Amino acid sequence: MKFENDLIIRAAQGEVIERYPVWLMRQAGRILPEYRKVRASLSGFKELVETPESAAEVTVQPVDLLGVDAAIIFSDILVVPEAMGLSYELIEKKGPWFENTIKSMDDLEKYAQTNFDVEDRLSYVLEAIKIANKEIGGRVPLIGFAGAPWTIFCYMIEGQGSKTFSKARNILYTNPTLAHELLTRITDITIQYLKAQIEAGAHLVQVFDSWAGILGKEQYAEFGLRYLDRIAKAINQVPVTLFAKGAYNSVADLAAMDCQTIGVDWNMQMKDIREVVGESRTLQGNLDPCALYSSHSEVEAMTNNMLDSFKSRRHIVNLGHGVYPDVDPEKVKTFIKTVKNYEIQY
Ligand code: CP3
């Protein structure tokens, strides 16, 4: 595949780049009035996710309006539990909500199905990828994604967001057999789903382990990393990014996996992570999403500071987590412009 701008792929593979590529997690979303307009024309978030033409339209918006170096397919990590039998709702100002949750082995047959055609049940995402690529017309690559098994497990057990995910963590102590069985099922479906996205036209994939940081090192190794490793090993058609938020103690283990890029959140210091990872992986991140509430000149200064802390070409610039919905898009543009104007020293 030839792109007008393939910086992100070259950066992921550790090739020479003229400047650092930049995109934002959650760039296809509420920061853009143009996104809110499309969403308001439909019944809600789920209809937007499930209507390929509309999902493709909001996927392409940040490429046109912000000038990012990659698109990310507009969807959600929760489409996977839904395909497995646990349907979700998105409740305004509250977040995701599942009517049913998994409490016992008996629930798996109904709510954690694996015996179905992933390409068929998630065809709306694959269709959106195809349409988005047509509209992007080779200007930039398209990122596909999925939630990591541990993070999906959290929602399937808890049924909603939580500060502690104590119900999900409870299972790790009281019923590890159930935990491993459910994690195995999620992993199997996620591998099929990512492969289907690649087949449909995703040029890189990112796995989001948003709740990695709530487990201690040993538990994360057993219930998180083990399954991430299986995914990384199974996906070798395109570059893979692993973003395990808060997993400071597991960075060396992540870097040992079969991936190209490690996501770095804003609590981590880029130079410390580089020391652990070495030059064999690309690092992605990590400006604090809240930094974008500052003035334009401060955004520029903080972005330049972050770039000055890089001691390598192996970087993809991003925030340390998704962009917050009430950030002024003009600040996002300042962030992007600053990265584009920065001259790499290495
Ligand atoms: O990055 C992108 O622009 C692509 C789209 C994308 C969404 N969700 C759209 C979305 C991606 C990559 C996700 C991933 C996702 N979803 C994660 C992992 C990344 C992370 O942020 O840690 C998680 C944990 C979810 C689950 C989820 N979906 C939550 C907790 C929420 C509610 C919180 C919120 O931001 O409102 C959602 C809803 C959601 N997913 C929205 C968007 C644009 C907001 C829906 C809307 O009101 O339009």
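Colleague: How far is an oxygen atom of the ligand from an N or O atom in the side chain of Ser 210?

Modeller: Bear in mind that this is a predicted model. Ser 210 is among the closest residues to the ligand. Between an N or O atom in the Ser 210 side chain and a ligand oxygen, the distance is 2.5 Å.

Colleague: And which residue has a polar side-chain atom 2.6 Å from an oxygen atom of the ligand?

Modeller: There are two to mention here. The Arg 30 side chain has an N or O atom 2.6 Å from a ligand oxygen. A polar side-chain atom at 2.6 Å from a ligand oxygen also belongs to His 321.

Colleague: What share of the ligand does the protein bury?

Modeller: The ligand sits in the largest pocket, and 21 residues surround it. On its own, the ligand exposes 870 Å². Of that area, the protein buries 89%.

Colleague: How many nonpolar residues are in the shell around the ligand?

Modeller: Sorting the shell by class gives 4 charged and 4 polar residues. The nonpolar ones number 13.

Colleague: Is Cys 259 buried or exposed?

Modeller: Searching the whole structure turns up 0 disulfides. Cys 290 has 37% relative accessibility, so that one counts as partly exposed. The cut-off for buried is under 20% relative accessible area. Cys 259 has 3%, so Cys 259 is buried.

How values were computed. Residues are numbered from 1 along each chain as its sequence is written. This is a predicted model: local features need pLDDT of at least 70, side-chain atom pairs count only at pLDDT 80 or more; totals for chains, interfaces and linings use all residues. Side-chain values use heavy atoms; hydrogens and water are left out. A residue is near a molecule or strand if one of its heavy atoms lies within 4 Å of it. A polar contact is a pair of N or O atoms within 3.5 Å; within protein, one must be able to donate a hydrogen and the other to accept it, and residues adjacent in sequence count only if both atoms are side-chain atoms. Accessible areas come from the Shrake-Rupley method with a 1.4 Å probe; for residues, only the protein chains shown count as cover. On a 1 Å grid over the protein atoms alone, a cavity is a set of points where a 1.4 Å probe fits but cannot get out, and a pocket is an open set with protein on both sides within 12 Å along at least five of seven lines; lining residues have an atom within 4 Å of a point. A molecule sits in a cavity or pocket if more than half of its atoms lie within 2 Å of its grid points. Ala, Val, Leu, Ile, Met, Phe, Trp, Tyr, Cys and Pro count as nonpolar, Asp, Glu, Lys and Arg as charged, and the others, Gly among them, as polar. A disulfide is a pair of cysteine sulfur atoms within 2.5 Å. Buried means under 20% relative accessible area, exposed over 50%, partly exposed in between (1.4 Å probe, protein chains only).
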